[in-house]
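Have the sequence and the coordinates open as you read.

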Amino acid sequence: MRVKLPDLAAMTHLGARIAHELRAGDVVALSGDLGAGKTTLARAIISGLGHAGEVPSPSFAIIELYEPPTVRLPVVHADFYRLSRPSEAEEIGLDDYREGAALIAEWPEQAGGFAHEPGCLSIRLEAEDDGRIAIVEAGTDWLGRLPW
Ligand code: ADP
Ligand code: MG
């Protein structure tokens, strides 16, 4: 499935709709080159979950955790760009962070990938004209609740 995202308003709208559907155990796997818009969409989802403050890019910290009451659901925002091998994701305690939470993952392939999980919504962002296009693949848990 392909979704056109011509501007930042479209990113905000898509993020809000994903946030509305998001459940504990889900993964939103955001792939695409540097500058593709992964952090922009992650921020839109986290804002859509209720977070009103800043959403720092976790590229240095690797993991940022947002917990109720600022968000309706615990959410882990991870940027795996700096991992040198997938097993490092376990070493930094990813499984513990994910307990009862949803995961938004930038550079998911660096952590071994999540597409095999039924709760995975894979979104690949690419440049198109002045905006972006999202190429989306959804796991079986997303059947009937795709946000568009
Ligand atoms: P990434 O995390 O993939 O490296 P960012 O989210 O930091 O990328 O986005 C890089 C730039 O792309 C930002 O300046 C952002 O404003 C811009 N951008 C994001 N989404 C869109 C869009 N749909 N249309 C136009 N520009 C966008
Ligand atoms: Mg980023």
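## Fold and overall dimensions

Of the contacts in the protein chain that link residues at least 6 apart in sequence, 63% join residues at least 24 apart. Two residues are in contact if their C-beta atoms, placed from the backbone, lie within 7 Å. This is a predicted model: local features need pLDDT of at least 70, side-chain atom pairs count only at pLDDT 80 or more, and totals for chains, interfaces and linings use all residues. Residues are numbered from 1 along each chain as its sequence is written, while chains are lettered from A and ligands numbered from 1 in the order in which they are written.

The protein chain has four helices and seven strands. Helices (H or I, at least four residues) and strands (E, at least two) are DSSP runs, numbered from the N terminus. Read from the N terminus, the elements run β-α-β-α-β-β-α-α-β-β-β. The radius of gyration of the protein chain is 14 Å, close to the 15 Å that the globule rule gives for 148 residues, so the chain is as compact as a globular protein of that length. That radius is taken over C-alpha atoms, and the rule is 2.2 Å times the number of residues to the power 0.38. Along its principal axes the C-alpha trace spans about 40 × 35 × 30 Å.

Of the 148 residues, 33% count as buried. A residue is buried if 20 or more other C-beta atoms lie within 10 Å of its own, exposed if 12 or fewer, and partly exposed in between, with C-beta atoms placed from the backbone.

## The sheet

Seven strands form an open sheet in the order β1-β7-β6-β2-β5-β4-β3, with mixed pairing. β1 (2-5) and β3 (63-66) stand at the edges with a single partner strand each, so one side of each lacks a neighbour in the sheet. From one strand to the next, the twist averages 20°. Two strands pair if DSSP finds at least two bridges between them. The table lists pairs from this sheet.

| Strand pair | Sense | Bridges |
|---|---|---|
| β1 and β7 | antiparallel | four bridges |
| β6 and β7 | antiparallel | eight bridges |
| β2 and β6 | parallel | five bridges |
| β2 and β5 | parallel | four bridges |
| β3 and β4 | antiparallel | four bridges |

Lys4 has Ile133 in β7 as its bridge partner. Leu125 is bridged to Ala134 in β7. Val27 partners Leu103 in β5 and Cys120 in β6. Glu64 stands opposite His77 in β4.

β6 and β7 form a hairpin with two residues between them, and Asp129 in the turn has a positive phi of about 50°. Glu128 lies in strand β6. It counts as partly exposed because it has 13 C-beta neighbours inside 10 Å. The C-alpha atoms of Glu128 and Pro6 are separated by 7.9 Å, though the two are 122 residues apart along the chain.

How many residues of β2 are buried? Five of the five are, so β2 is largely enclosed by the rest of the structure. Val27, Ala29 and Ser31 cover one side, Val28 and Leu30 the other, and all are buried.

## Helix α2

α2 packs on the sheet and touches β2 (27-31), β3, β4, β5 (102-106) and β6 (120-128). Its direction makes about 165° with that of β5. Axes are lines fitted to C-alpha atoms, for helices over the stretch in contact, and angles run from 0 to 180 degrees between N-to-C directions.

Eight of the 11 residues of α2 are buried, among them Lys38, Arg43 and Gly48. What covers them includes α1, β2, β3, β4, β5 and β6. Just after α2, Gly50 takes a positive phi of about 120°.

## Around ligand 1

Which residues are closest to ligand 1? They are Gly37, Lys38, Thr39, Thr40 and Gly131, out of 16 that surround it. A residue is near a molecule if its C-beta atom, placed from the backbone, lies within 6 Å of it. α1 (8-21), α2 (38-48) and β7 (131-138) each supply at least two residues of this shell. The shell divides into six nonpolar, six polar and four charged residues. Ala, Val, Leu, Ile, Met, Phe, Trp, Tyr, Cys and Pro count as nonpolar, Asp, Glu, Lys and Arg as charged, and the others, Gly among them, as polar.
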